[in-house]
Amino acid sequence: VSQQKSESYIQLNQYRLMEEIGQGSYGIVKLAYNEQDKNLYAMKVLDKIKLLKNFACFRQPPTRHNKPIPSTLKNPLQLVQREIAILKKLSHPNVVKLVEVLDDPNDNYLYMVFEFVERGAVLDIPTENPLTEDTAWSYFRDTLRGLEYLHYQKIVHRDIKPSNLLLSDSGHVKIADFGVSCEFEGIDAFLSGTAGTPAFMAPEALTEGANHFYSGRAQDIWSLGITLYAFVIGSVPFVENYVIALHKKIKNDAVVFPDKPDISDLLKNLILGMLKKDPGHRLMLHEVKNHDWTTR
Ligand SMILES: COc1ccc(C(=O)/C=C\Nc2cc(OC)c(C(=O)O)cc2Cl)cc1
């Protein structure tokens, strides 16, 4: 990867890196201009050294209970390679497209080139200006199509939330950030441990206890329900500064709708169906898809 600093920007092969357009625990995302095809792209820049450091603290100590981490996951860059392998398989209008990966062994950074989804995250929460029910309906249906495709491809996303839903100029939503997603075999992912964003985590993911597993599909439906609530209310239903207090609320508190903004009973019914504390009673994806609010 030829990297020369000329003037004030970095050039990586045919890409000219421009301003930062996103950032998170994973690293940063920069706008990149491809001088060959004259298109803009979103370049996710991963710091390999930081990955190595962060991963060390997530590693569970090997004990009698939990099986040792499979050798493939010894090296955190394998996690990224797993994310890349998942992304390369995916092709759907409501899933962000990975174009290519620039991984020079001599470079401390790994670059993932994605299609540029022009308007960025669909909604920044908390906000005083949530989406109208009509707009939420359109974005929700796109997200549902993308999630249905992922589950069909035997992938659970595990971090569905507004900041991971990107809006294109044509008004369509694309699911992004497969950093904690995982591929499963059979009918569902049997997850243990927590990943993703606390305010969007399902109650069953927060119950301690070694070797208890929970459904990846049901977790994605829960976080989609929290996301739909945030679309029309402007904030998430369970808010706490301390994560333990937040977990308690997620596990015990009922979902409350404020008087304003006023949302339809049909939408409330759908949200409550997706936020059943018991994953066994929670709506499944096909029931969400066929709900009267979704099909209205
Ligand atoms: C204001 O205009 C804007 C237009 C586009 C953006 C933007 O793209 C931001 C993040 N992008 C991404 C992040 C990802 O993970 C964290 C992944 C992934 O790993 O799947 C892929 C993409 Cl694209 C921001 C502002």
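Across the whole structure, a search finds two cavities of 30 Å³ or more. The model is predicted: local features need pLDDT of at least 70, side-chain atom pairs count only at pLDDT 80 or more, and totals for chains, interfaces and linings use all residues. Residues are numbered from 1 along each chain as its sequence is written, and side-chain values use heavy atoms, with hydrogens and water left out.

A cavity here is a set of points, on a 1 Å grid over the protein atoms alone, where a 1.4 Å probe fits but cannot get out; lining residues have an atom within 4 Å of a point. Grid points are joined across faces, edges and corners, and a volume is the space filled by probe spheres set on the points.

The largest cavity has a volume of about 40 Å³. Its lining consists of L79, R82, E83, I86, F178, G179 and S181. By class these are three nonpolar, two polar and two charged residues, where Ala, Val, Leu, Ile, Met, Phe, Trp, Tyr, Cys and Pro count as nonpolar, Asp, Glu, Lys and Arg as charged, and the others, Gly among them, as polar.

E83 also faces the ligand: a polar side-chain atom of E83 lies 3.3 Å from a ligand oxygen atom, a polar contact being a pair of N or O atoms within 3.5 Å. K44 places a polar side-chain atom 2.6 Å from an oxygen atom of the ligand. With D177, a backbone N or O atom is involved, at 2.8 Å from a ligand oxygen atom. Taken alone the ligand exposes 570 Å², and the protein buries 84% of that (Shrake-Rupley method, 1.4 Å probe). Around the ligand stand 17 residues, of which I21, Y26, K44, V117 and D177 come nearest; a residue counts as near if one of its heavy atoms lies within 4 Å. This shell divides into eleven nonpolar, one polar and five charged residues.

The second largest cavity has a volume of about 30 Å³. Among the residues lining it are R158, D159, I160, F200 and Q219. Its lining has four nonpolar, four polar and two charged residues.

Last comes a pocket, that is, an open set of points with protein on both sides within 12 Å along at least five of seven lines. The second largest pocket holds about 170 Å³ of space. Helix α4 (residues 216-233) supplies the largest share of its lining, three residues; helices are DSSP runs (H or I, at least four residues), numbered from the N terminus. The lining includes H151, D188, R217 and P279, and by class has six nonpolar, two polar and three charged residues.

Technical notes:
Helix = DSSP H or I, 4+ residues; strand = E, 2+ residues; numbered from the N terminus. Polar contact = N/O pair within 3.5 Å; in protein donor to acceptor, adjacent residues only side chain to side chain.
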